[in-house]
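Thanks for coming, everyone. Please bring up the structure on your screens. I will take you through a few parts of it.

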Amino acid sequence: MSKWFCLKKKSKKRAKAKSADTITSITPSRSNDTEKLNLTEERLKLCADEINTFSFEEKPINIKVEDSNTTPTSIPSSFASDLKKLNITEERLKRYADEANTLSSDTTITSNTENELKTKVTFLREKAISKTLNNIKLSMKVDLCFVLDCTDSMEPFIAAARDCIIQVTNYIKHTNPSIELRVGFCGYRDHCDGDGRLQFLDFTDKYEQFITYMQSVFHYGGGDAPEDVLGGLNEAITKMDWKNGTRVLLHIGDYPPHGTKFTDLSDSYPDGDPHGLTAENVLEKMQSKNILYFFGKITYYTETMLQIFRGIIGEFPVFDLIGGDPIKLIEKFIKATSTSITYAVSMTSTIGSDSKDMYSLQRKKLDMNPNEPDWIILPLQEGIVMWYPILDTLDELKDPDYFNKSNLFSRSFSFKIASQPFSAGAEKYAYFGLDIERNPAKKMVIKEYLHIGRNNSFEKYIEAVEISTIASFLSTEFNLITERKDLPKVKFLNVKLLRCGTIDFSTRYYTIEPKFHNIEYKRFNANTGVITELRPILEAFVHFTYEYTKGYLVVCDLQGIELTNEFLLTDPAIHCVDSLRFGRTNFGKEGINQLFLANHRCNDICKQLKLKHISNGLSEDVA
């Protein structure tokens with residue numbers, strides 16, 4: 001009998017043994033109606049529903065993975081050999097040491113030195129985490145500069161910049177209390193407007209001063225269609241006192257710079273800026289100062305300019321400010337400004353403030369191909385998919401040894417993969433994929449780590465599946481409670497590890513998951529504590545994971561799609577008191593304290609679920 005059937009039978013035995021389980025055994029503070037809930041029965045219903053929705057399986061598993069000297073004959077010999085040689089603990093410790101950039105990965109390790117290595121790697125990890133948390137703290141200090149065209153057509157946009165700032169700062173304080181904001185302004189007109197064509201207010205944290213200044217900014221001038229865009233950007237970049245860890249330049253304009261390379265409109269300076277400024281030298285100065293560029297689009301006349309800018313600095317966010325309704329314009333301005341701040345803080349705190357790293361990721365996005373390939377011409381590939389079974393208990397979740405080779409499921413897998421990725425994040429590339437074993441074939445997403453390091457990548461991909469398995473288990477437990485409150489569900493996609501041989505006979509690893517269909521992908525919060533899109537149910541879920549695991553971990557970095565009454569998420573991160581689990585995005589106990597407990601503000605859903613109140617960085621049971 002296959003391992004799949006054995007585990008299913010085992011689950012039924014567990015269900016019978018635990019038939020008396022109630023919510024009281026997990027969270028004693030629950031209300032009476034949920035205390036009577038039969039957890040096992042409801043959990044099995046939810047698990048069955050989620051397997052039907054997100055699983056790749058349509059038939060019994062017929063390949064077993066065993067951690068023994070006996071190699072099953074039903075799996076490829078190269079896979080059996082790799083699996084037999086893999087020491088997950090040893091490889092993980094070597095990788096963590098390598099990622100801490102202190103211990104060479106070619107250190108010889110034998111079984112009798114593993115405990116010693118654990119002690120050493122724990123020290124290195126804690127040291128690296130401390131440095132990272134300090135960098136995150138610095139990234140929470142933000143300089144925001146509005147760069148605006150101030151010619152005649154821009155009156156409503158100048159007013160919107162002035163009127164939105166108080167609402168933006170109040171929103172930031174509510175969602176991200178750790179962020180400290182300074183705001184500044186630089187206005188530009190055209191060369192025919194003489195010395196008054198450029199003006200600026202240096203950064204201030206006194207927002208009333210900013211509003212008063214903006215009341216004195218008048219819209220006038222502008223001869224032909226193009227404006228002194230490069231002069232305005234250069235003024236903001238070189239004259240203002242940029243000093244905070246996160247630096248945001250939000251540029252709003254309706255026309256491009258001078259020069260035929262930017263526009264075919266009537267132009268008094270067809271050869272470009274009369275002072276010798278170019279897009280290349282201005283934007284290179286911006287990059288050297290680690291300033292992140294954002295643009296508010298008002299007309300389509302700036303399209304060529306945006307393409308040229310992307311060719312220099314890579315992809316950047318563009319906000320739609322098109323439309324004449326003044327109320328909607330204010331709302332768009334608030335959204336664009338708030339998003340610019342949280343996006344920049346998230347990027348700086350995740351990647352670091354070094355311009356080389358930040359702009360390298362943005363340039364990578366230029367190499368993406370957003371179009372699905374012609375599947376007919378792509379070769380069919382064969383591989384093995386692996387995953388862990390659904391967890392049953394909190395004890396299994398907390399036991400690192402549960403996630404070993406003997407608990408892996410696997411089976412053969414036929415697929416196709418696009419030759420170019422369609423997206424890239426700080427950690428992974430994402431490719432279009434096709435599951436050929438479905439009838440009809442089913443679209444999926446195949447992901448690959450950007451940086452593997454010098455060690456065995458097999459182990460790192462196993463860790464990714466472990467994180468997904470734990471997040472799925474916790475979301476199932478969460479949904480058991482929220483469904484009685486008629487609240488949206490939180491679900492995680494079913495992620496598996498894919499091992500395959502490539503054309504050059506090298507072994508390659510990926511993760512695979514179902515594909516979202518034509519719905520906007522959003523990042524709701526980051527593992528650095530930044531909330532990028534506030535959704536109370538998701539912040540309550542993060543809180544729940546902390547309380548359910550009794551402070552052992554929090555699931556964060558929630559991203560995916562938002563449907564009518566549920567969220568489908570992928571690629572979470574986990575902060576855990578055990579710093580030797582969950583990779584370099586785990587910032588340990590101090591990460592929980594500084595990035596979750598210190599920032600979380602209990603909302604109405606936290607109260608509905610009777611989660612322990614968190615205040616001043618402590619929950620009630622810790623205070």
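**Buried charges and their partners**

Let's start with Arg92. Arg92 is buried, because its relative accessible area is 10%, and the cut-off for buried is under 20%. One thing before I go on: this is a predicted model.

Who does Arg92 meet in a salt bridge? Its partner is Glu463. The distance between the two side chains is 3.4 Å, N to O. Now look at where they sit in the chain. Arg92 belongs to helix α5, and Glu463 belongs to helix α15, residues 457–482. They are 371 residues apart, so this pair links distant parts of the chain. Is Glu463 buried or exposed? Glu463 is buried, at 4% relative accessibility.

Glu463 has another salt bridge, with the side chain of Arg95. Here the N to O distance is 2.8 Å. Again the pair links distant parts of the chain: Arg95 is in α5, Glu463 is in α15, and 368 residues separate them. Arg95 counts as buried too, with 2% relative accessibility.

Why can such side chains pair? Side chains of opposite charge can do so when their charged atoms come close.

For contrast, go to Arg162 and Asp163. Their side chains also form a salt bridge, at 2.9 Å, N to O. Arg162 is partly exposed, at 21% relative accessible area. Asp163 is partly exposed as well, at 37%.

Now zoom out. Some salt bridges share partners, and they join eight residues into one network: Arg92, Arg95, Glu99, Glu459, Lys460, Glu463, Glu466 and Arg581. How many salt bridges does the structure hold? The count is 33.

The crossing is left-handed.

Which residues make the contact? From α5 we have Thr89, Glu90, Leu93, Tyr96 and Ala97. From α6 we have Glu114, Leu117, Lys118, Val121, Leu124 and Arg125. Sort them by type, and you get six nonpolar, one polar and four charged.

**A covered strand**

Next, strand β3, residues 180–188. This strand is mostly covered, with eight of its nine residues buried. Its partner here is strand β2, residues 141–149. Nine bridges join β2 and β3, and the two strands run parallel.

What do side chains do along a strand? In a regular strand they alternate between the two faces of the sheet.

**An open sheet**

Last stop. Here is an open sheet of four strands. What is the strand order? Reading across, we have β13, β19, β18 and β16, and the pairing is mixed. Look at the edges. These are β13, residues 489–492, and β16, residues 522–523. Each has a single partner strand, so one side of each has no neighbour in the sheet.

β13 pairs with β19, residues 566–570, through four bridges. These two strands run parallel. One of the bridge partners to find is Glu566 in β19, which goes with Lys489.

A helix packs on this sheet: α16, residues 536–548. This helix touches β13 and β19. Its direction makes about 65° with that of β13.

That's my tour. I'm happy to take questions.

How values were computed: Residues are numbered from 1 along each chain as its sequence is written. This is a predicted model: local features need pLDDT of at least 70, side-chain atom pairs count only at pLDDT 80 or more; totals for chains, interfaces and linings use all residues. Side-chain values use heavy atoms; hydrogens and water are left out. A crossing is left-handed if the near helix is turned anticlockwise from the far one by less than a right angle, and right-handed if clockwise. Contact means heavy atoms within 4.5 Å. Ala, Val, Leu, Ile, Met, Phe, Trp, Tyr, Cys and Pro count as nonpolar, Asp, Glu, Lys and Arg as charged, and the others, Gly among them, as polar. Two strands pair if DSSP finds at least two bridges between them. Axes are lines fitted to C-alpha atoms, for helices over the stretch in contact, and angles run from 0 to 180 degrees between N-to-C directions. A salt bridge is a side-chain nitrogen of Lys or Arg within 4 Å of a carboxyl oxygen of Asp or Glu. Buried means under 20% relative accessible area, exposed over 50%, partly exposed in between (1.4 Å probe, protein chains only).
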